[in-house]
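User: I would like to learn how to read the overall fold and the ligand shell of a model. Please take me through one.

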Amino acid sequence: MDLGLRGQRVLVVGATRGVGRAVARLLAEEGARVGLVARDGAALVRLAEELRGLGAEADWQAADVTDPTQATAAVRRLCAGGVDALVHVAGSGVRVPFAEATDEVWRASLELNLLAAVRVVRLALPHLRDGARVVLLGAASGKRPHLGQSPSNAAKAALANLAASLAEELAPRVLVNCVAPGRILTERRLARLQEAAARRGVPLAEAVAEDAEEIPLGRHGRPEEVAAVAVFFASPRAGYVTGQTVVVDGGWVRSV
Ligand SMILES: NC(=O)c1ccc[n+]([C@@H]2O[C@H](COP(=O)([O-])OP(=O)(O)OC[C@H]3O[C@@H](n4cnc5c(N)ncnc54)[C@H](OP(=O)(O)O)[C@@H]3O)[C@@H](O)[C@H]2O)c1
């Protein structure tokens, strides 16, 4: 199936690692013109070169999207002239028992996982072309909370609600959906599992297998498997779906 993304302009926020990097690569393979945002400028340069190597147009701007000034500058520059889709990927799980989670921890989680997305969508809004698609990266934990991760569980649930709220408010001009990954084996998760394995003195493979134990498909997801769903929702092919949160979690969330 041709996703119809050839020549379309797509902004990816949180593009240099994990799911965002897989999204950027897949968009490039589909012939989209990609705008890239993350904090690390050197990683953005490397990624833009990689995407150009795939024959895609790629532009970038380093910005911390929790900082309104930096977010404004990046979105204005990369969206000037109009964009067809926005994929907001930046976000992070927060592992801390509720009793130890200070206001500061909560504020940081809400800043990155909710307010940054609110800000980026609001800034991009005047540049979104008719029929544009917005894709927010939530988490399966927004539907089935992870133990000891209340600051990110709650923020990701709010993000799913934001997608539904905006879907109605921005219809019919802009479509908004949320993709909610389960446990995905990104560099970040692998590093964490490596640390845990070293701490417990067990092989990495054992720590990885334990982490995937509860997943009906019996393994972690790959960033590319989340990217495939996000890129579909960023494409004109998803033109009659809005306000939805779709989990990509190997069956971990058991709900109808
Ligand atoms: N991996 C999982 O298992 C999993 C599970 C559930 C949900 N998710 C969600 O899926 C999304 C992607 O996760 P991931 O694991 O692929 O993340 P990741 O590997 O940590 O990558 C995050 C990306 O966002 C950028 N970023 C982070 N903070 C930023 C900021 N303040 N401003 C601008 N860019 C920022 C990072 O680059 P810089 O550091 O250079 O800024 C990086 O490119 C997140 O929203 C996450 O919450 C992931």
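This is a predicted model: local features need pLDDT of at least 70, side-chain atom pairs count only at pLDDT 80 or more; totals for chains, interfaces and linings use all residues.

User: How many helices and strands does the protein chain have?

Analyst: The protein chain has eight helices and seven strands.

User: What does the radius of gyration say about the protein chain?

Analyst: The general idea is to set the value beside that of a compact globule with 256 residues, which would be near 18 Å. The protein chain has 18 Å, so it agrees with the rule. Along the principal axes, its C-alpha atoms fill a box of roughly 55 × 40 × 35 Å.

User: What share of the residues count as buried?

Analyst: A residue is buried if 20 or more other C-beta atoms lie within 10 Å of its own. Here 45% of the 256 residues pass that cut-off.

User: How should I read contacts along the sequence?

Analyst: Take contacts between residues at least 6 apart in sequence; in the protein chain, 73% of them join residues at least 24 apart.

User: Which residues are closest to the ligand?

Analyst: The ligand is surrounded by 29 residues, and the closest are Gly-14, Gly-18, Arg-39, Asp-40 and Gly-91. By class, the shell holds 13 nonpolar, nine polar and seven charged residues.

User: Which parts of the fold supply the shell around the ligand?

Analyst: Helix H1 (18–29), strand S2 (33–38) and helix H6 (187–200) each supply at least two residues. H1 gives the most, with three. By domain, at least three residues come from each of domain 1 (9–182 + 221–248) and domain 2 (185–216).

Conventions. Residues are numbered from 1 along each chain as its sequence is written. A residue is near a molecule or strand if its C-beta atom, placed from the backbone, lies within 6 Å of it. Helices (H or I, at least four residues) and strands (E, at least two) are DSSP runs, numbered from the N terminus. Ala, Val, Leu, Ile, Met, Phe, Trp, Tyr, Cys and Pro count as nonpolar, Asp, Glu, Lys and Arg as charged, and the others, Gly among them, as polar. Domain bounds come from an automatic or database domain assignment. The radius of gyration is taken over C-alpha atoms; the globule rule is 2.2 Å times the number of residues to the power 0.38. A residue is buried if 20 or more other C-beta atoms lie within 10 Å of its own, exposed if 12 or fewer, and partly exposed in between; C-beta atoms are placed from the backbone. Two residues are in contact if their C-beta atoms, placed from the backbone, lie within 7 Å.
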